[in-house]
Structure formats: structure tokens, C-alpha cells
Amino acid sequence: MKNFSLLSVLMIAVFGVMTSCSSSDDCHECHIALFDAAGQETAEVEIGEFCGDALEDVESAGYQLTEMLVGEKFGIASSKVVIEEFLDGIELSCFVLTDGVNYKVLPTAKDYKRIGEGDTGLNTGGMGAISPVPFANKTLLNKIEQNIIIPTIEGLKKDNIEYQGFIFIGLINVNNNPKVIEYNVRMGDPETEVVLPRIQNDFVEIFQSFKNKTLDKIELNIDHRSAATVVLVSGGYPSSYNKGIKITGIDHVVDSTVYHAGAIREKENIYTNGGRVLAITSFGNNFQEALKNSYNSASKINFKGKYYRKDLGFDL
């Protein structure tokens, strides 16, 4: 279950969780009628495994739909399309751990995917993350659990799917109403680097509870402080970039945790070996303080072409 594919649309419909309104069909006339009836100013169209951008009006949506279904723009991949309501809001990530019967809700997080400040430029694997999400108040969290998490867990059980592990639910907050964007059966990156450090339990003990389905007997101990991670990337990423550049200054970082990703050790030195090189995670009494600490640590690490976003949390 990765991305908001047709499978996810059908699963969400069956489980009854909150998401965008959508329609899936291969009938061109039906979709045109749907656009006209809905009168939406914007819509999103997903074609097979190709995900399209938001379309600005019904006319442009109808044109693209004709190109795909009638003109076979993407061949067999556009023989069936999914039309979704455009959701305007702010995204966040919710993480659930389940033993197949019981579940635990982990801390929320918000990541930043665009390479440029102000959420501009190309998408990346993630430029940083913050946990907890400041706008995820008790009302929103209760809606997430009651309207999304519980129906998801109960839906898996109803369909005799004995899944054990992480469920990553990508959400968007629309006027304090959470709606599902995507499901993943894993943790997310770089959200993991701010969520797991806040969980003070022994994860071996947690996973051992899966055997007897006693996850409900474990009390999660969550660090009340905020965590923020800043990702240092190679110059040019997410397009072409050089590897094998020596990294210095990691030994000067004392108040943060440095996670290695696109890095490699050769003898006594560490060199870049990928686009997203290091993630710097710090704690603070709020996300601003946590970010300040991570930025301070990031400034101590050097390699030619080093880049990181300096505006994380700008929209919170």
C-alpha cells in the first residue's frame, strides 16, 4: 500500500475512512457528467500509476480526461482514471503500530518534501521534519483516531488481514477535519528521525508483544519535548550531484543525533555517497527551539556543496 493508487481508493471506500470524494471508471461520459455536477473549481486526476497535478477548472479537467480516455494519451495506463476532490489544507503524518488486534498511536510528525524554501522546487525524499505537529490538537487527534485509525484497524480484521507492524497514514487537515492522502505499511523518512527518538520504550519489548497480541498491555512513554530533524543534502540534489566528497565536523556535534544516510566510511574518513547525506535531530521545549539546536549542529558539519533548508516550520 504505497501512494494514493486505485487500490488505496478502494480500500478507503471499503473501510469507510475520511478522504477526498472520488470516482473511478473508464467511462468518459460519466466523468464529464461528474465534473459538471460537482462544479468543483479544482480536481485531481490519477492515471494508472501516474499521478497528475491539480487541474484548475472543470474545462481543463474535461480536456485532460478526453485526452486520456478517448485519445489514449498514456495507452493502457489511462484506460481507467481516478478523479478526486482537490483538498486544500496542511499535511501531517500519523503513525500506528498494531499487533493485528490491538494498536498504539505514535507521535504525529510533519515533514517537508520540496527542495526549495517556501516549499518550492522539486520533490525530494524529505528535507526535514518536526514532531509533534503543533496544530494537531486534542479535537483533531480524536477525529483521526475515531474516523481513520479505528476504521482502518477494524477493516483489516474484518477482511481477515492479520497485519502486524507500522501503518503510516498521510493526512491533510482541511478546516480541522483530517482526510487520508495515502497509506504506507512502514515508517516514513525523515519523520522516523523525529518520531522514534521521542518514544522511550524498549522497541524489542514492543515487538515481542506481537507474538501474544498483548500490545495493549504496553504503556508508551513519550518524551514531551519537541524534536526536529534537518537533512543535509548534496549540491544539485534531487537532480545530478557528485559523490565521494569528504565530510568534516561531525565530531563537533554534541547536542544532536547525526543519522547517516547517503554517507560512507572509508578508513578514518566519511564521504558523501548519495543525495540525502545526513539528518540532524535535536530536542527542544518547542519546535522552534528544537530547530534552532539542529541548525546549530548542522552549521558545524561541512562538505563541499552542502545544502539544507533554513525555513522548516515556516507554515506552522
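**Group meeting: strands, sheets and a buried serine**

Strand β5, residues 90-98, pairs with β6 in the antiparallel sense over 3 bridges. Pairing here requires that DSSP finds at least two bridges between two strands. The strands themselves are DSSP runs of E with at least two residues, and helices are runs of H or I with at least four, both numbered from the N terminus. Within this pair, Thr 98 has Tyr 103 of β6 as its bridge partner.

Before I continue, a word on the source. This is a predicted model, in which local features need pLDDT of at least 70 and side-chain atom pairs count only at pLDDT 80 or more, while totals for chains, interfaces and linings use all residues. Residues are numbered from 1 along each chain as its sequence is written, and side-chain values use heavy atoms, with hydrogens and water left out.

Let me place β5 and β6 in their sheet. The sheet is open, has 4 strands in the order β6-β5-β9-β10, and its pairing is antiparallel. At its edges stand β6 (103-105) and β10 (177-184), each of which pairs on one side only. On average, neighbouring strands of this sheet are turned by 30° against each other, direction ignored. For such angles, axes are lines fitted to C-alpha atoms, for helices over the stretch in contact, and the angles run from 0 to 180 degrees between N-to-C directions.

Which helix lies across β5, β6, β9 and β10? That is helix α4, residues 138-158, which runs at about 40° to β10. Helix α6, residues 203-212, also packs on the sheet and touches β5 and β9, its direction making about 65° with that of β5.

I turn now to one residue of β5, namely Ser 93. Is Ser 93 buried or exposed? Ser 93 is buried, with a relative accessible area of 4%; buried means under 20%, exposed over 50%, and partly exposed in between, with a 1.4 Å probe and protein chains only. Its side chain makes a polar contact with the side chain of Glu 191 at 3.1 Å. A polar contact is a pair of N or O atoms within 3.5 Å; within protein, one must be able to donate a hydrogen and the other to accept it, and residues adjacent in sequence count only if both atoms are side-chain atoms. Leaving aside neighbours within four places in sequence, Ser 93 is in contact (heavy atoms within 4.5 Å) with Thr 108, Ala 109, Phe 168, Ile 169 and Glu 191.

Next, β7 and β8. Strand β7, residues 110-116, has 5 of its 7 residues buried. It is joined to β8, residues 120-131, by 5 bridges, and the two run antiparallel. Lys 110 has Ile 130 as its bridge partner in β8. The two strands form a hairpin with 3 residues between them, and Gly 118 in the turn has a positive phi of about 75°.

Ser 131 has Ala 227 of β11 as its bridge partner. Strand β11, residues 226-233, is largely enclosed by the rest of the structure, because 8 of its 8 residues are buried. In a regular strand, side chains alternate between the two faces of the sheet. Ser 226, Ala 228, Val 230 and Leu 232 point one way from β11, and Ala 227, Thr 229, Val 231 and Val 233 the other way. A further 8 bridges join β11 to β16, residues 276-284, again antiparallel.
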